[in-house]
Amino acid sequence: MTAAAEGSIAYRKARQNAKPLLQSEAARGFALVSPTLAFAVVMLLVPILVVIAHSFWTQNYLTVDYTFTLEQYRIALTEPIYRDLLLRSLFISFSVSVLTVLLAYPIAYYISFHGGRHKNLWLFLITIPFWTSYLLRVMSWKVILGYNGVLNSGLLGLGIIDEPSTALLYNSSAVIITLTHAWAAFAILPIFVSLEKVDRTLIEAATDLGDGPIRSFLRVTLPLSMTGVISALLIVMIPTVGDYVTPKLVGGKDGVMISNAIQAQFGKALNWPLGAALSVSTMLVVSAMAAASVLLLRLLVRRAR
Amino acid sequence: MPDRSMIEIRNVTRSYGTFKALDDANLAIREGEFFSLLGPSGCGKTTLLRMIAGFDTPTSGSILIDGQPMDGIPANRRPTNMVFQSYAIFPHLNVEQNVAYGLKRMRLDAAEEKRRVDEALAMVSLAGLGKRGATELSGGQRQRVALARALVMRPKVLLLDEPLSALDKKLREQMQVELRRLQQAVGITFILVTHDQYEALAMSDRIAVMFGGKIAQVAAPKEIYQRPVNRQVADFLGGMNFIKAEIVDDAGTSIVVDTLGFGRVKTDKPAAYVKNGSAATIGIRPERLRVLWDDATARHEVAGTVVERHYFGEITHLIVEVPGMDRPLSVTETNDFGADDLPLGATIRLGYDPDALVAMAD
């Protein structure tokens, strides 16, 4: 015991004297990630810095005034139109992420626990929608939800409604439905992975200690798959806030989201500083919402014990 | 009522397709008994344990716990608790929360729950480690937590699925003694599944030896070791010299045989003895043959030549060829008189007690 301890101390000393820069684990790891890291820094950090810089400037028709100002943030946060759009975007992305996780969890659970030999086949089937373009998938939702769409014709045929409903398409629910469908696979996969890692004997142990199926799920399976639920939630929540294709195609005027406004500022309106301020505000608010959701979820799970 | 049955296994069969993991097993385990299911992997011992726990259902037959038939009663409502082979410690909970897991459903008041958790932790010598995280425990500590978590439920039967197999030898031997002591202290019926014959012999009140889904013999450790019913059981429990014999007289409870090398022997008929023509098998354990040094003599002796010698520290294993026998004898001798220095080719005399010669089925 003591000999081994002394040995390791001696070894550490030798390492300190030699200072082998590229031989250390950390340096080698860093060398491995550096190409990707460099790429990510250049392609992600630099544009973000550009956007942040713009948000403190002012647009004077065709030229940009580089004096520092918070005027763009005042507009972004107090103008009712932008505030409403931001709140609506947050509401939509929050609803989409919660709905997606709620719908994805049972599917992931089924594949992981009852998929048997066909697990890979199930996972393959889930990726099939991605073989077609996203635009086509959104268009097909238009076909389903439209005035003469599949859903309306079906409900008419069954005699449940007398005339086609216009409440299905061109509003925020249409955006929520379409996005939930589009992001399902991104939620199923992380939840599936975390469920696969749950040791099945732990569930047996919970049963052995008196828990029925629901209690053992709430006390063991769910807390142990929480990492998957949280990543699914974030994977869906963060990008959907910034989605502008879906609201443009199925949202109508009631489904317009903040990113449509941002796009307008960078495009037609040619007001980059305002667009930048809107982007940064959205980014900060969605980060705060994501953090709050994660904390709330952790708290709920701790309660379930 | 010391002999009351706590567990009754009645004609239990478990088949998977045409394969029978357990074939018409019958067994009665007494209240307060330390009972072991011993056998090689795939013999059905774990299947039987899981059926008692309720994780598996018999294809036919029934299981009674404390007189109650367990048909249709799920695992969470059985008066049994299990120590899993992998220990199955909940990784998201600390030691205390792990031990209190099953108590939460009983809705005890906080003080009573804490008292029972502390008592269980003290029982397995883990007092003071309650706040330790599950992932910060050593193998031995995890095992103790699993034990405390099951014992705190005060089950009628504690099921142990190869609980010591993941521990190193020294810790395993220490835990054998502790488990036995613990069982004596709490008086709960323990059922241990193991493939380690020494573990079963050291801890159990009784052992069931299983092969291929069938229970071969149920008896106390000494009985099972000294009087195995057949060659398979004899072999599984340790070394055994098998000696060919001819039956001379087969009447009443004993038989008389003529053996190669050991002359005429009279021995008890084994329980599951099947007469197979006039041929019989007689066995003697290697440690029941002892080397006679210098001019020491014994009432019964056999002489032979040392052909192999294997040194094991406290003992030496000798392979001795005896004229007239079809195969050499193996002899286990302690090293206090120099068995480790016996030269190959030396002629030695071996003394034995005729009672150590037992007849068994093939």
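The questions below go through a predicted model, taking helix packing, then domains, then sheets.

Visitor: Are helices α8(A) and α11(A) roughly parallel or roughly antiparallel to each other?
Guide: α8 (residues 172–196) and α11 (residues 226–241) of chain A pack with their axes 7 Å apart, at an angle of about 155°. Angles over 145 degrees count as roughly antiparallel. The two helices, α8(A) and α11(A), are therefore roughly antiparallel.

Visitor: What classes of residue make up the contact of α8(A) with α11(A)?
Guide: From α8(A) come residues including W183(A), F186(A) and I191(A), and these meet a set in α11(A) that includes V229(A), I235(A) and V236(A). By class, the contact of α8(A) with α11(A) has twelve nonpolar, five polar and no charged residues.

Visitor: How many residues of chain A are in contact with chain B?
Guide: On the side of chain B, 16 residues take part in the contact with chain A. By class, that side has nine nonpolar, five polar and two charged residues. The number on chain A is 14 residues.

Visitor: Which element supplies the largest share of the side of domain 1 of chain B that touches domain 2 of chain B?
Guide: Chain B is divided into domain 1 (5–226) and domain 2 (231–360), and their C-alpha centres lie 37 Å apart. Eight residues of domain 1 of chain B are in contact with six residues of domain 2 of chain B. On the domain 1 side, β9 (206–211), β10 (214–219) and α7 (221–226) of chain B each supply at least two residues. The largest share, three residues, comes from α7(B).

Visitor: Which strands stand at the edges of the six-stranded sheet of chain B?
Guide: This open sheet has mixed pairing and the order β6-β7-β8-β3-β9-β10 (chain B). Each edge strand has a single partner, so one side of it is left without a neighbour in the sheet. The edge strands are β6 (80–83) and β10 of chain B.

Visitor: Which residue in β10(B) stands opposite V209(B)?
Guide: β9(B) and β10(B) pair in the antiparallel sense, over five bridges. Within this pairing, the residue of β10(B) opposite V209(B) is Q217(B).

Visitor: Which residue in the turn between β11(B) and β12(B) has a positive phi?
Guide: β11 (residues 241–251) of chain B has six antiparallel bridges to β14 (residues 279–284) of chain B, where N241(B) stands opposite I284(B). β11(B) also pairs over six bridges with β12 (residues 254–259) of chain B, again in the antiparallel sense, and A251(B) stands opposite S254(B). Two residues lie between β11(B) and β12(B) in this hairpin. The turn residue with a positive phi, of about 65°, is G252(B).

Visitor: What is the bridge partner of T316(B) in β18(B)?
Guide: An open sheet of five strands, with antiparallel pairing, has the order β15-β19-β16-β17-β18 (chain B). Its edge strands are β15 (290–292) and β18 (329–334) of chain B. Six bridges join β17 (residues 315–321) of chain B to β18(B). In β18(B), the bridge partner of T316(B) is E333(B).

Terms used: Residues numbered from 1 in each chain as written. Chains lettered and ligands numbered in written order. Predicted model: local features only at pLDDT ≥ 70, side-chain atom pairs only at ≥ 80, totals over all residues. Axes fitted to C-alpha atoms, helices over the stretch in contact; angles between N-to-C directions. Helix = DSSP H or I, 4+ residues; strand = E, 2+ residues; numbered from the N terminus. Parallel < 35°, antiparallel > 145°, perpendicular 65-115°, else oblique. Contact = placed C-beta atoms within 7 Å. Nonpolar A, V, L, I, M, F, W, Y, C, P; charged D, E, K, R; others polar. Pairing = 2+ DSSP bridges. Domains from an automatic or database assignment.
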